[in-house]
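Subject: A structure for you to explore

Hi there,

Here is the structure I promised to pass on to you. Have a look around it, and then read my notes with the 3D view open beside you.

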Amino acid sequence: MPKPIVAVVGRPNVGKSTLVNRLAVTREAIVHESRGVTRDRSYHDCDWNGRTFTLVDTGGIESAKSKDAFAPRIRDQAVMACNEADVIIFVVDGTVGVTDEDEEVARVVRTAKKPVFLVVNKIDDPEAELESWNYYSLGVGEPRAISAGHGHGTGDLLDDVVTALREDEGPAEQDDALRLAIIGRPNVGKSSLANRLAKSNRFIVADLSGTTRDAVDTMISWKGQRLRLVDTAGMRKKAQVHEDVEYYSLVRGLEAMDRADVCLLVVDATVGVTEQDQKLVGMAVDRGCGLVTVLNKWDLVDSAEKRDKVTQSLDQRMGFAAWAPVVTTSALTGRSIDRVLTAATKAAAAHGSRVKTSQLNALITRIRESGYTVTRKNRRLKVRYGTQTATKPPAFTLWCNAPDLVDDNYERFLERRLRETFDLEGTPIHLRFRRRDDPK
């Protein structure tokens, strides 16, 4: 059964993300003193007194007259969160009082017709008397004073929230979903691709770079398989990360890669593979993720000359990850979208695959009989046998007479033969060499 959903809404900078982090006992939601840090709605698991539910952090709802280019789309995201929620937590700033923007949020909340908890945040002194009469004017119920920063009142809030949630109808589902992290430079179409894969306007899309800031999860089903999509913020070079918010976005993106089974590297096909794309691939490989390269905006590559340029950039910068499949697509038109998920699921299968020891040793025997090896100063490398010792990604341990003779050329040769023999497309592999008499 799906977990019940609790949406946290309010105007900008009232402490919604701080409250989400407090209730979920995490630091996943980015907290910053600037307005409008949260844009997309992000989902966080929460557990209280044995009841599990999902907290949804939303962007600040602003007045329709706001000059913020993202305001209408942030509002749409918050409205969608209210519509899908079972319970709504409406947050206001107790140090400011009721504002016109709070009244705007109250109108949105009342329209949803869901149980609402009005929390007056930033009341750091629990003994302070709350002038609650002012907040009754919002028409969404009785106000309660809390401090998300210090935790005052949050336990009582959770008690009432879980009481208002629907009763459990069965055991919680095990999260066996395939985890796909969508990574890439800013403004290459990651959120557009995520929306196309999710078949909804789940993520805010704009022409401005840096639109996405959090790493945002959404669940989809594809051919009977559950997939968890994570749209990450565009990752710039560290020297170009000037704002604190952008720094935390980069950290969230790296954490999403750590959780992912497969990374979808989105590349702007009109530009080709850049040095920063190359570095992102290196990060994914270092973290042991499967990898699919998605050449987005392929509909704009309308000449043989442009296609040759893209191919050349792939060869130059992606040679160390030539095992990653390349899919050409257009998130705008939907061209070849299914091929992206086909490649991702195939890469995930390779990522978790296991090679039989007998098959591996048959390959080692053929290599040994071919005579290809490393010789140095009258010493000759002899690989005796091997076995697979890990998955996600696959790792192989090979026992030999002299591990110190193994060089990069021999490792590349052995990896190439492994990939030719076994279906390992889309996943990195790790090779370890040990002496036959190594007690480990």
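Predicted model: local features only at pLDDT ≥ 70, side-chain atom pairs only at ≥ 80, totals over all residues.

**The whole protein**

The protein has 11 helices and 17 strands. Of its 440 residues, 50% are buried. The accessible surface comes to about 21,200 Å², and carbon and sulfur atoms account for 46% of that surface. If you take the contacts between residues at least 6 apart in sequence, 71% of them join residues at least 24 apart.

**The largest nonpolar core**

In soluble globular proteins, nonpolar side chains tend to be buried together. Here the largest nonpolar core holds 26 residues, and the ones touching the most other members are L180, I182, L193, L197, L264 and V292. The elements that each supply at least two residues of this core include the strands β7 (178–184), β10 (262–268) and β11, along with the helices α5 (190–198) and α9 (337–351). Which element gives the most to this core? That is α9, with 7 residues.

Not counting residues up to four places away in sequence, L264 touches A181, I182, I183, L197, V292, V294, V340 and A344.

Strand β10 is largely enclosed by the rest of the structure, because 7 of its 7 residues are buried. V262, L264, V266 and D268 point one way from the strand, while C263, L265 and V267 point the other way. Residues on both sides are buried.

**A closer look at N296**

N296 belongs to strand β11, which covers residues 290–296. Is N296 buried or exposed? Its relative accessible area is 4%, so N296 is buried. A polar atom of the N296 side chain lies 2.9 Å from the backbone nitrogen of A331. Beyond its neighbours within four places in sequence, N296 is in contact with V188, G189, V266, V267, D268, A269, T329, S330 and A331.

Helix α5 is largely enclosed by the rest of the structure, because 7 of its 9 residues are buried. The buried ones are K190, S191, L193, A194, N195, L197 and A198. Just after α5, K199 takes a positive phi of about 55°.

Helix α7 spans residues 275–286, which makes 12 residues. From its first C-alpha to its last it reaches 17 Å, close to the 16 Å expected at 1.5 Å a residue. The buried residues in α7 are Q276, D277, L280, V281, G282 and A284. An α-helix has 3.6 residues a turn, so residues three or four places apart point the same way. After α7 comes G288, with a positive phi near 75°.

Strand β5 (residues 116–121) is mostly covered, with 5 of its 6 residues buried. It runs parallel to strand β4 (residues 87–93), and 6 bridges join the two. If you look for F90, you will see that it stands opposite L118 in β5.

Now find L157 in helix α4, which covers residues 154–164. L157 counts as buried because its relative accessibility is 0%. Leaving aside neighbours within four places in sequence, L157 is in contact with I89, F117, V119 and R144. L157 and F117 are 40 residues apart along the chain, and their C-alpha atoms are separated by 8.1 Å.

**One last residue**

R226 lies in strand β9. R226 counts as partly exposed because its relative accessibility is 30%. The C-alpha atoms of R226 and R179 are separated by 9.0 Å, and the two residues are 47 apart along the chain.

Enjoy exploring, and write back with any questions!

Best wishes

Terms used:
Residues numbered from 1 in each chain as written. Heavy atoms only, no water. Helix = DSSP H or I, 4+ residues; strand = E, 2+ residues; numbered from the N terminus. Buried < 20%, exposed > 50% of the residue type's maximum accessible area, 1.4 Å probe, protein only. Polar contact = N/O pair within 3.5 Å; in protein donor to acceptor, adjacent residues only side chain to side chain. Contact = heavy atoms within 4.5 Å. Core = buried A, V, L, I, M, F, W, Y, C linked by side-chain atoms within 4.5 Å. Expected span 1.5 Å × (residues − 1). Areas by Shrake-Rupley, 256 points an atom, 1.4 Å probe, with all protein chains shown as cover. Pairing = 2+ DSSP bridges.
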